[in-house]
Amino acid sequence: RDLMAHAMLKCEKAGYKVLFTVHDEIVCEIEEGRGNVKQFENILCAKPKWAKGCPLAAEGWKGGRYRK
């Protein structure tokens, strides 16, 4: 939860509007033509100093609507 909250704040700062979360997922939107999946994954995996050494990975995708 703490890592997700950190990632959500970083997403907002980078222009990715957080719409909602589902378990371990963060769903965002961004203006057309801005951002990309790799940048989004990098934001999600940017750890706070206190989480150094904690394994963390993200798999993003781009689409017009939410899917599970």
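These legends describe close-up views of a predicted model. Residues are numbered from 1 along each chain as its sequence is written, and side-chain values use heavy atoms, without hydrogens or water. Local features need pLDDT of at least 70 and side-chain atom pairs count only at pLDDT 80 or more, while totals for chains, interfaces and linings use all residues.

**View 1. Tyr 16 and Phe 40 form a tilted aromatic pair.**
A pair of aromatic rings is described by the distance of the centres and the angle of the planes. Here, rings of Phe, Tyr and Trp (its six-membered ring) pair if their centres lie within 6.5 Å; planes under 30 degrees apart count as stacked, over 60 as edge-to-face and the rest as tilted. The count by this rule is two aromatic pairs. Tyr 16 and Phe 40 are 5.2 Å apart, centre to centre, with 40° between the planes. Tyr 16 sits in the loop between α1 (2–13) and β1 (17–22), and Phe 40 in helix α2 (residues 37–44), so the pair ties together parts that are 24 residues apart in sequence. Helices (H or I, at least four residues) and strands (E, at least two) are DSSP runs, numbered from the N terminus. Both Tyr 16 and Phe 40 are buried. Buried means under 20% relative accessible area, exposed over 50%, and partly exposed in between (1.4 Å probe, protein chains only).

**View 2. Phe 20 and Tyr 66 form an edge-to-face pair.**
The ring centres of Phe 20 and Tyr 66 are 5.4 Å apart, and the planes make an angle of 70°. Phe 20 belongs to strand β1 and Tyr 66 to the segment after α2, so this pair ties together parts that are 46 residues apart in sequence. Phe 20 counts as partly exposed, at 34% relative accessibility. Tyr 66 is also partly exposed, at 34%.

**View 3. Arg 67 lies over the face of Trp 61.**
The distance to the ring centre of Trp 61 is 4.0 Å. A charge sits over a ring if NZ of Lys or CZ of Arg is within 6 Å of the ring centre and within 35 degrees of the ring normal.

**View 4. The largest pocket has a volume of about 1000 Å³.**
Of the 33 residues that line this pocket, the closest to its centre are Ile 26, Val 27, Cys 28, Phe 40 and Trp 61. The elements α1, β1, β2 (25–29) and α2 each give two or more residues to the lining. Strand β2 gives the most, with five residues. By class, the lining holds 18 nonpolar, six polar and nine charged residues. Ala, Val, Leu, Ile, Met, Phe, Trp, Tyr, Cys and Pro count as nonpolar, Asp, Glu, Lys and Arg as charged, and the others, Gly among them, as polar. On a 1 Å grid over the protein atoms alone, a pocket is an open set of points where a 1.4 Å probe fits, with protein on both sides within 12 Å along at least five of seven lines; lining residues have an atom within 4 Å of a point. Grid points are joined across faces, edges and corners, and a volume is the space filled by probe spheres set on the points.

**View 5. Ile 26 and Cys 28 lie in strand β2.**
Ile 26 is buried, with a relative accessible area of 13%. Leaving out residues up to four places away in sequence, Ile 26 touches Met 4, Ala 7, Met 8, Val 18, Phe 20, Thr 21, Phe 40 and Leu 44. Contact means heavy atoms within 4.5 Å. Cys 28 and Met 8 are 20 residues apart in sequence and 9.0 Å apart, C-alpha to C-alpha.

**View 6. His 23 has a positive phi of about 50°.**
Most residues other than glycine have a negative phi. His 23 is not a glycine. His 23 lies in the loop between β1 and β2. His 23 is exposed, with a relative accessible area of 74%.
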